[in-house]
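Subject: Structure handover

Hello,

Here is the structure I said I would pass on. My notes on it follow below.

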Amino acid sequence: MAALWHMLNAEDIATSLTLDQLVGDRTHLNRIASDWEKCEEVPRTSTAAEVTVSMYLRESEGGSRSVVKFPDLSGESFSRQISHRTCERAYVEGLEGSGGILLFITANRVQDDVTIVDAASMYEGDKNSVESTEPVGWSPKMIPAQVQLVDLLQFLDHPPFRRGQRRVAVIVSAWDVVAEPKPRPDAWVQREMPLLHQYLMSNINVLESQVYGVSAQGGDVHSAADKENLLKLTPSKRIACVSVNGSSHDLSGPIHWLMKGG
Amino acid sequence: MPLSTRLFAEKDIEGAHMVTNIDEDVEVEEDAEEVNDVASSDEEQDDRIRLASGEALDTGSVDQFLLKRDARIIAIVGEQESGKTTLICSLYDRFCHDSFSGFSFAGSDTLVGFERRMHYSRWISGRSTPETLRTSASESIQFYHLALADSNCSLCRTDLLLSDRAGESYVAARDNSDALSGLIEVAKADVLVFLRDGGRLVIPNQRAGALYSARQTLRAFLDGGLIGADTAAQVVTTKYDLILSDPDKEHVMGHLQNANAKLYESFGDRLASLTFWDVAARDPKGILEPAWQVDQLLRSWTSARVPPRAPCQPSQLRLINEFDRLLVRTPLNG
């Protein structure tokens with residue numbers, strides 16, 4: 001969101017969408033964009049800091065105008081859907097309209113669905129590596145990320161959510177940490193989150209999806225050397241947005257694709 | 001009262017035990033104001049909406065499911081520790097890794113239930129050997145849901161409801177025909193899958209018991225009228241990895257083949273089909289691939305001929321008013 005806001009304001013690269021006008025309170029967006037411009041880690045959204053931001057955007061080609069609202073929800077908000085099996089009424093209302101879904105997955109993650117048989121084959125010959133620790137009981141927080149994501153999408157197929165066709169832009173963030181040679185983003189999802197991939201491919205009648213690999217910072221801002229190099233670049237050119245159509249710096253591409261499905 | 005056929009709850013003696021999904025159903029059928037009426041007080045305070053539980057389905061929830069969508073009911077039957085839950089979890093586990101048996105995962109209403117059962121076979125549990133949380137005798141019957149899409153036709157979808165009940169119930173039914181009436185999943189099954197514990201076949205003093213349990217159970221189900229000429233029955237020998245690694249495996253396999261031949265001779269003509277399968281859902285040594293030969297079993301479940309469900313006959317319903325009686329004058333099958 002911070003990188004997108006900077007890119008729209010700076011107009012230093014060609015983008016699918018441009019900023020049409022400034023309206024309303026932009027304090028939150030300006031604050032996070034300022035951090036991003038300095039190559040500093042943008043604070044994650046906490047449950048208390050959840051806001052809905054609005055951007056007045058115009059298509060670069062065609063010129064049609066739209067107001068796009070982004071409910072910037074915390075990760076905890078979605079975890080609570082999984083663990084408590086409840087959601088905010090505002091979340092349901094936010095999905096009433098014709099908008100699409102930006103589904104974020106980080107590429108900078110540990111594999112969380114390894115079975116004991118999988119682990120045994122990984123550590124073949126090194127029995128000490130698979131020695132048991134004290135077994136721990138099950139809790140919802142142990143549900144693997146790909147299962148949680150499928151569950152979140154499945155909720156939308158049942159009341160009280162509006163049923164119907166939706167577009168889902170799957171954003172694989174921290175794309176810069178994916179090892180070279182990098183696969184296509186959709187192939188990454190298929191490899192790393194096969195259950196989610198199958199779910200998306202099997203439900204194309206209600207969920208039309210497109211996968212993007214996004215590096216909003218362009219590299220590791222915790223590394224002094226990387227940060228120094230990143231600061232030398234035109235800020236918007238730090239952004240990488242990779243899709244089946246190729247690579248660009250245009251972070252508005254996924255939003256434009258979602259808008260076209262409305 | 002919906003007019004469509006209610007498959008389980010009207011007959012099920014255990015149907016009232018679990019009501020966790022009833023609120024979900026209320027959300028499906030009622031408007032938002034009425035949902036608020038059933039919400040707990042703390043939910044009213046923070047204005048939160050209840051979502052589907054994701055747990056395994058009880059019989060009432062299966063009824064609700066079948067009102068919305070057709071599904072194949074696969075009754076997984078077997079004695080304690082024969083591998084019922086492990087077989088079900090192995091299927092889910094395969095789809096967590098990749099498409100399987102020519103199918104892709106298209107959804108599940110019981111993801112939380114699967115995850116709960118899978119826990120002790122996951123690395124995160126802290127165990128060094130995989131284990132499946134047993135279905136205890138105190139738990140009522142549960143169903144696990146898998147929606148599968150044909151890999152060559154993503155919109156060709158098959159929904160499976162896999163039953164899981166404590167083995168003690170099936171032992172009781174084998175021993176006493178009075179216990180048959182509670183086995184609603186067997187009576188309603190599109191495919192009856194009897195699991196024979198391969199682990200017991202390699203133990204000489206347990207082999208005969210393991211072989212004859214299939215025979216006695218099938219006979220009890222047939223003689224009790226629970227299954228019959230329209231039933232597709234399968235006898236599945238589980239934990240086949242233990243048989244393959246047994247020094248006396250030729251001898252064990254000989255016993256198994258003889259027992260299967262006798263089963264077919266005795267019951268083959270009383271059933272729509274009687275087939276025999278060998279699987280290893282989870283070889284702890286990792287010699288056999290995970291869900292070894294389970295792919296073929298899954299394929300058979302999705303391709304089995306399923307007779308159409310009988311529609312509910314109006315005469316079976318209590319017709320209270322003139323509007324209800326209109327039903328009697330309305331052709332139901334077009």
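Strand β4 of chain A pairs in the antiparallel sense with strand β1 of chain B, residues 48–50, over three bridges. Within that pairing, A:Glu88 has B:Arg48 in β1(B) as its bridge partner. Please keep in mind throughout that this is a predicted model.

The two residues of that bridge are also joined through their side chains. B:Arg48 and A:Glu88 form a salt bridge, with the closest N and O atoms 3.1 Å apart. The pair crosses between chains, running from strand β1 of chain B to strand β4 of chain A. Across the interface of chain A and chain B, the rule finds one salt bridge.

The interface

How much do chain A and chain B bury between them? The figure is about 4300 Å², and 58% of it is on carbon and sulfur atoms. On the side of chain A, A:Arg89, A:Ile116 and A:Trp138 supply 19% of the area that this chain buries against chain B, more than any other three residues. The contact draws on 47 residues from chain A and 51 residues from chain B.

For polar contacts between chain A and chain B, the count is 18 residue pairs, with both residues at pLDDT 80 or more. Several elements of chain A each supply at least two residues of the side that touches chain B: α3 (75–84), β4 (86–88), α4 (89–94), α5 (116–122), α6 (145–155) and α8 (194–202). By class, that side of chain A is made up of 24 nonpolar, 14 polar and nine charged residues.

A serine in contact with both chains

B:Ser125 sits in the loop between α6 (111–118) and β4 (142–150) of chain B. Is B:Ser125 buried or exposed? B:Ser125 is buried, with a relative accessible area of 0%. A polar atom of its side chain lies 2.8 Å from the backbone oxygen of B:Arg122, and the backbone nitrogen of B:Arg127 lies 3.3 Å from a polar atom of the B:Ser125 side chain. Leaving aside neighbours within four places in sequence, B:Ser125 is in contact with A:Ile116, A:Glu134, A:Pro135 and A:Val136 from chain A, and with B:His119 and B:Tyr120 from chain B. A:Ile116 is also one of the three residues named above for the area that chain A buries.

Salt bridges

Over all chains, the structure holds 21 salt bridges. One of them is between the side chains of A:Arg65 and A:Asp20, at 2.9 Å from N to O. A:Arg65 belongs to strand β3 (residues 65–72) of chain A and A:Asp20 to strand β1 (residues 17–21) of chain A, so the pair ties together parts that are 45 residues apart in sequence. A:Arg65 is exposed, with a relative accessible area of 58%.

In chain B, B:Arg270 forms a salt bridge with B:Asp223, the closest N and O atoms being 2.8 Å apart. B:Arg270 is in the loop between α12 (249–267) and β8 (273–278) of chain B, while B:Asp223 is in helix α10 (residues 204–223) of chain B, so this pair ties together parts that are 47 residues apart in sequence. B:Arg270 is partly exposed, with a relative accessible area of 32%. There is also a network of salt bridges in chain B that links B:Glu79, B:Arg174, B:Asp175 and B:Arg200.

Strands within chain A

Strand β7 (residues 207–215) of chain A pairs with strand β8 (residues 240–243) of chain A in the antiparallel sense, over three bridges. Here A:Gly213 stands opposite A:Val242 in β8(A). β8(A) pairs in turn with strand β9 (residues 246–248) of chain A, again antiparallel and over three bridges. The bridge partner of A:Ser243 in β9(A) is A:Gly246. What joins β8(A) to β9(A)? A hairpin does, through two residues.

Regards

Conventions: Residues numbered from 1 in each chain as written. Chains lettered and ligands numbered in written order. Predicted model: local features only at pLDDT ≥ 70, side-chain atom pairs only at ≥ 80, totals over all residues. Heavy atoms only, no water. Contact = heavy atoms within 4.5 Å. Buried area = accessible area lost by both parts, 1.4 Å probe. Salt bridge = Lys/Arg side-chain N within 4 Å of Asp/Glu carboxyl O. Polar contact = N/O pair within 3.5 Å; in protein donor to acceptor, adjacent residues only side chain to side chain. Helix = DSSP H or I, 4+ residues; strand = E, 2+ residues; numbered from the N terminus. Nonpolar A, V, L, I, M, F, W, Y, C, P; charged D, E, K, R; others polar. Pairing = 2+ DSSP bridges. Buried < 20%, exposed > 50% of the residue type's maximum accessible area, 1.4 Å probe, protein only.
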